[in-house]
Amino acid sequence: MKLSIIGTGYVGLVTGTCFAEVGHQVICVDNDAAKVKTLLAGGIPIYEPGLEELVKKNVAAGRLHFTTSTAEGVQKSDVIFIAVPTPPQPDGSVDLSYIERVARDIAAAITSYKIVVDKSTVPVKTGEKVAETIKRYCQAQVECDVVSNPEFLREGFAVDDLMHPDRVVVGVRSQRPVAAMKEIYTPFKAPIIVTDINSAELIKHAANSFLALKISYINAIANVCEAAGANVQEVAQGIGLDDRIGKRFLNAGIGFGGSCFPKDLSAFIKIAEQIGYDFKLLKEVQRINADQMERFVKKITETLWVLKDKKIGVLGLAFKQNTDDVRSSPAIDLCQRLLKDGAALRVHDPKAMEKTKALLPNVTYVDDMDAVAEGCDALVVATEWDEFKKVDLARAKKGMTAPIMFDGRNLFDPAEMEKLGWIYKSIGR
Ligand code: NAD
């Protein structure tokens, strides 16, 4: 099918590329001219495992194109996906100005029947507004169906998630666009759930809020474990093997971050408030998450006493492993707190150092993870990159003023670390 994706970011670029991979003709549109220039020159503006090869392959096959022109994307496609940002406003509600802008741009460009699919994460009832906006501003007075098709990919695993989704949610107002949506998604061999638009929009916020809740739950259990002298990893294994609970999202740590969970959670709380429901459960999820960082910082200050002029090595900047995304990253938040208290930081991340430089201009960036601890008073693990498990602990210990590690992601074994002579503090163990 002929598809266009408006917004070529983490979601738009990966979605467009995977659609091309299964044989569709795809135009990825972005109003960031520099981004489009990079893509046209064969560069990839984000890091996502497996993406670069797939983009190159599909560009070479003539199925994947890039442009800054929404009008071109709209006119050359049957189905137009919206994948622009929906950032939070200061009160937690969603800034829908990007969605409105695109709806108006689409309205100005359509001259024949189109299906407009919202892939961005939006509050319930946004589909109705998008349909209304397109109708209002469309001079050509042509018909158009608006569909809600929320995206569930995880950064760091986005290509795999897109190629093998657990399910595809398609929210519609009439049956007319259903066949086309099924044709687009049939190659992905996943269950396709057809709902009304409001339910589809709610599914996304309900899913992300539940995952955030699961993380806060295990973090709360970690705090109980610390007080009781138990081990949260053993408890997580014990409950996670129960099929009704499941093993995933039961890793205790310094809390969730990223561009989705915190914003989707506050959006959902706000949406519920606006329609008359006080979602106290989710407010507690937020509180536990914020508290988790406080507790970790307290652990560091209680051990190191005075932070001023202490040198601290930090492993991890991205909000989670396998990505270069540092938006709302707990690791960055942690660094900013340590800097505020006067510590000097030596930091390393396998992929996110470039994107961190604007956020943390006054730290030392270290290319070699084994050299991060050099001259430091403590080493902190802030992101769960698998490769950090292989950091040269003997070299780190030798180069430090004292072998102290604060492991915010439970990557190491406490008994083993103690045997190696470390003062080792982790989460819930
Ligand atoms: P992003 O910031 O990486 O990408 C958005 C892109 O849209 C940017 O490249 C921006 O330049 C472009 N853009 C903005 N306005 C535009 C316009 N008027 N015309 C053309 N392009 C425009 O954002 P993202 O992470 O891809 O998220 C997009 C949406 O998908 C959000 O609603 C987000 O909540 C949702 N989502 C994100 C993820 C994720 O893991 N990142 C997962 C699922 C859903």
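Is phenylalanine 81 buried or exposed, and what is its relative accessible area? Phenylalanine 81 is buried, because its relative accessible area is 0%, where buried means under 20%, exposed means over 50% and partly exposed lies in between, for a 1.4 Å probe and protein chains only. The model described here is a predicted one, in which local features need pLDDT of at least 70 and side-chain atom pairs count only at pLDDT 80 or more, while totals for chains, interfaces and linings use all residues. Residues are numbered from 1 along each chain as its sequence is written, and side-chain values use heavy atoms, with hydrogens and water left out.

Rings of Phe, Tyr and Trp (for Trp, its six-membered ring) are taken as a pair if their centres lie within 6.5 Å, and the planes count as stacked when under 30 degrees apart, as edge-to-face when over 60 and as tilted for the rest. By this rule the count comes to eight aromatic pairs. In one of them, the rings of phenylalanine 19 and phenylalanine 81 have centres 5.0 Å apart and planes at 50°, so this pair is tilted. The pair joins distant parts of the chain, since phenylalanine 19 belongs to helix α1 (residues 10-21) and phenylalanine 81 to strand β4 (residues 79-82), 62 residues apart; helices (H or I, at least four residues) and strands (E, at least two) are DSSP runs numbered from the N terminus. Phenylalanine 19 counts as buried too, because its relative accessibility is 0%.

Phenylalanine 19 has a further partner in tyrosine 185, and this aromatic pair is edge-to-face, with 5.5 Å from centre to centre and 75° between the planes. Here again distant parts of the chain are linked, with phenylalanine 19 in helix α1 and tyrosine 185 in helix α8 (residues 178-185), 166 residues apart. Tyrosine 185 is buried, with a relative accessible area of 5%. Ring pairs link Phe19, Phe81, Tyr185 and Phe188 into a cluster.

The next topic is the packing of helices. Two packed helices are described by the angle between their axes and the distance between the axes. The axes are lines fitted to C-alpha atoms, for helices over the stretch in contact, and the angles run from 0 to 180 degrees between N-to-C directions. For helix α9 (residues 197-228) and α11, the axes come within 9 Å and cross at roughly 115°. This crossing is left-handed, a term for a near helix turned anticlockwise from the far one by less than a right angle, whereas clockwise makes it right-handed. Among the α9 residues that make the contact (heavy atoms within 4.5 Å) are Leu202, His205 and Ile215, and among those of α11 are Phe261, Leu265 and Phe268. The contact residues of α9 with α11 divide into 10 nonpolar, three polar and two charged, where Ala, Val, Leu, Ile, Met, Phe, Trp, Tyr, Cys and Pro count as nonpolar, Asp, Glu, Lys and Arg as charged, and the others, Gly among them, as polar.

Helix α11 (residues 261-274) also packs with α12, at an angle of about 150° and with the axes 9 Å apart. The two helices are therefore roughly antiparallel to each other, in a scheme where angles under 35 degrees count as roughly parallel, over 145 as roughly antiparallel, 65 to 115 as roughly perpendicular and the rest as oblique. Their crossing is left-handed, and Leu265, Ser266, Phe268 and Ile269 in α11 meet Leu282, Lys283, Val285 and Gln286 in α12.

Helix α12 (residues 280-304) in turn packs with helix α13 (residues 330-340) at about 45°, their axes being 11 Å apart, and that makes α12 oblique to α13. The crossing of α12 and α13 is right-handed. Met293, Glu294, Phe296, Val297 and Ile300 in α12 meet Pro330, Asp333, Leu334, Arg337 and Leu338 in α13, and these residues divide into seven nonpolar, no polar and three charged.

Finally, the loop between β9 (311-315) and α13 holds asparagine 322, and serine 328 has its place in that loop between β9 and α13 as well. Most residues other than glycine have a negative phi. Asparagine 322, although not a glycine, has a positive phi of about 70°, and serine 328 has a positive phi near 45°. Asparagine 322 is buried, with a relative accessible area of 19%, whereas serine 328 is exposed, with 51%.
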